[in-house]
Amino acid sequence: DTMRRVVRQSKFRHVFGQAVKNDQCYDDIRVSRVTWDSSFCAVNPRFVAIIVDASGGGAFLVLPLHKTGRIDKSYPTVCGHTGPVLDIDWCPHNDQVIASGSEDCTVMVWQIPENGLTLSLTEPVVVLEGHSKRVGIVSWHPTARNVLLSAGCDNAIIIWNVGTGEALINLDDMHVDMIFNVSWNRNGSLICTASKDKKVRVIDPRKQEIVAEKEKTHEGARPMRAIFLADGNIFTTGFSRMSERQLALWNPKNMEEPIALHEMDTSNGVLLPFYDPDTNIIYLCGKGDSSIRYFEITDESPYVHYLNTFSSKEPQRGMGFMPKRGLDVNKCEIARFFKLHERKCEPIIMTVPRKSDLFQDDLYPDTAGPEAALEAEEWFEGKNADPLLISLKHGYIPGKNRDLKVVKKNILDNKPAANKKSDLINAPKKAADASNSQNEAKLDEILKELKSIKDTITNQDERISKLEQQMAKIAD
């Protein structure tokens, strides 16, 4: 096996994983038994969220990180869905906002109180309705505020402006079969998807076109995963025809042959990849496995270098992955996982052994911070921006998050997804009343003013919401 023969120089060669002591676990949790291949757990520097079994609907727990030990059965949950919750994702730009997708065909966005829940939460900030079948994937845009992607078993991908509650892009004719996963690239200009027809597609969501695709990425019939790496390449996991688990690296500019392809073993659990763009390490957690394998991606052959395996006795039902800003830099911690068992959640800490107590800047290059680089409108209009980076030199101190406000627009005839501003302006033309043309002119005027204000001063939130209210009144 070429992956293991040569001893490479790498500062990550001796990364080791350690499970925390029992009293630092979250105990007595009824982890969801739904048969779905998502990670069932989402974490950020404030909270850990876990999808749990709930009678008569769907629910997930949200626990402050320090709330370890036994969790009381009566602990409040987030429980507004009428069917089981299949996927959850914390907003990267607000540590109190989380999205959930469910079998009830809806996506809901929730605002968690600063210190966690004291009562069960049943009222989402916004309900996003547009899928005709269950929603198994939710994923926030990495750099634009309030942009959320959802994918359902209707084989459609919808991109929402959460700030207005509107579906702005609907990709419903690109996938002929079930979508296994969706991944944004580093600046959120492209997405890649893996689906049941064994294809990996690279899609430009705003142009609504497939930029690249690869058939039979992995020959086997079992579920695949595909994620973007920081350099724009794509990493996939899947199965060979002989049901061996495989991992591969692809260049989307030429998908003919993989840059690297490795066989791993013959277990049948789906490999969930977790990627750290700062260190270029990929951690593979198989559902039902009791190990986490990790690999370093580099520019030299064989490109995907096996580093080590963290093994434990218990199989994992799901896994949460802490963003870099939630780690303890004083302990040289480079990753933290939240492993779900049948009845508990166990943090696992990955560290690089170092003798010095000083800040190790080679382990912690500047990392994506919590500020959004773009507003939703700017992204939908075609702008791109890389993540805004922060230094972890003195650790990360969570700041105050602004509340998520949703300003509903009301277009005269409830047209489904307006993709262009001109559609928005032309929408009312169908009713040919004289009053309508006045309204239309006013609507046009307000839209222009709104745009110029957003371009010049993005932080004048109040002025914007007032204008949007005006607009809603006129449209009414």
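User: Before we start, what should I know about the numbering and the model?

Analyst: Residues count from 1 along each chain as its sequence is written. The model is predicted, so local features need pLDDT of at least 70 and side-chain atom pairs count only at pLDDT 80 or more, while totals for chains, interfaces and linings use all residues; side-chain values use heavy atoms, with hydrogens and water left out.

User: OK, sheets. How do strands pair, and which strand order does the open sheet of 4 strands have?

Analyst: Strands of a sheet pair through backbone hydrogen bonds, either parallel or antiparallel. Strands here are DSSP runs (E, at least two residues; helices are H or I, at least four), numbered from the N terminus, and two strands pair if DSSP finds at least two bridges between them. The open sheet of 4 strands runs E20-E21-E22-E23, with antiparallel pairing. Its edges are strand E20 (225-228) and strand E23 (260-263), each pairing on one side only. From one strand to the next, the twist averages 15°; that comes from axes, lines fitted to C-alpha atoms (for helices over the stretch in contact), with angles from 0 to 180 degrees between N-to-C directions.

User: Over how many bridges do E21 and E22 pair?

Analyst: Strand E21 (residues 234-239) and strand E22 (residues 245-250) pair in the antiparallel sense over 6 bridges. To find the spot on screen, look for Ile234, which stands opposite Trp250 in E22.

User: Now the core. Which residues have the most contacts inside the largest one?

Analyst: In soluble globular proteins, nonpolar side chains tend to be buried together. A nonpolar core here is a set of buried Ala, Val, Leu, Ile, Met, Phe, Trp, Tyr and Cys residues joined through side-chain atoms within 4.5 Å. Buried means under 20% relative accessible area, exposed over 50%, partly exposed in between (1.4 Å probe, protein chains only). The largest core has 39 residues, and those with the most contacts inside it are Ile29, Val48, Ile50, Phe60, Ile112 and Phe338. Strand E4 (47-52) is one of the elements that supply at least two residues, and E4 gives the largest share, 6 residues. There is also a second, separate core of 25 residues, including Phe12, Phe310, Ile348 and Tyr364.

User: What does Phe338 touch?

Analyst: Contact means heavy atoms within 4.5 Å. Not counting residues up to four places away in sequence, Phe338 touches, among them, Tyr26, Val48, Leu65, Met319 and Pro347.

User: And the loops: where is Gln360, and is it buried or exposed?

Analyst: Gln360 sits in the loop between strand E30 (344-351) and strand E31 (367-368). Gln360 counts as buried because its relative accessibility is 11%. Leaving aside neighbours within four places in sequence, Gln360 contacts Cys332 and Arg354.

User: Which backbone features are worth a look around Asp28, Cys105 and Pro302?

Analyst: Asp28 has phi near 65°, a positive value in a residue other than glycine, and lies in the loop between strand E2 (26-27) and strand E3 (41-43). Asp28 counts as partly exposed because its relative accessibility is 22%. Cys105 has phi near 75°, also a positive value in a residue other than glycine, in the loop between strand E9 (97-102) and strand E10 (106-111). Then there's the cis peptide bond joining Ser301 and Pro302, with omega about 0°; Pro302 is in the loop between strand E26 (291-297) and strand E27 (304-311).
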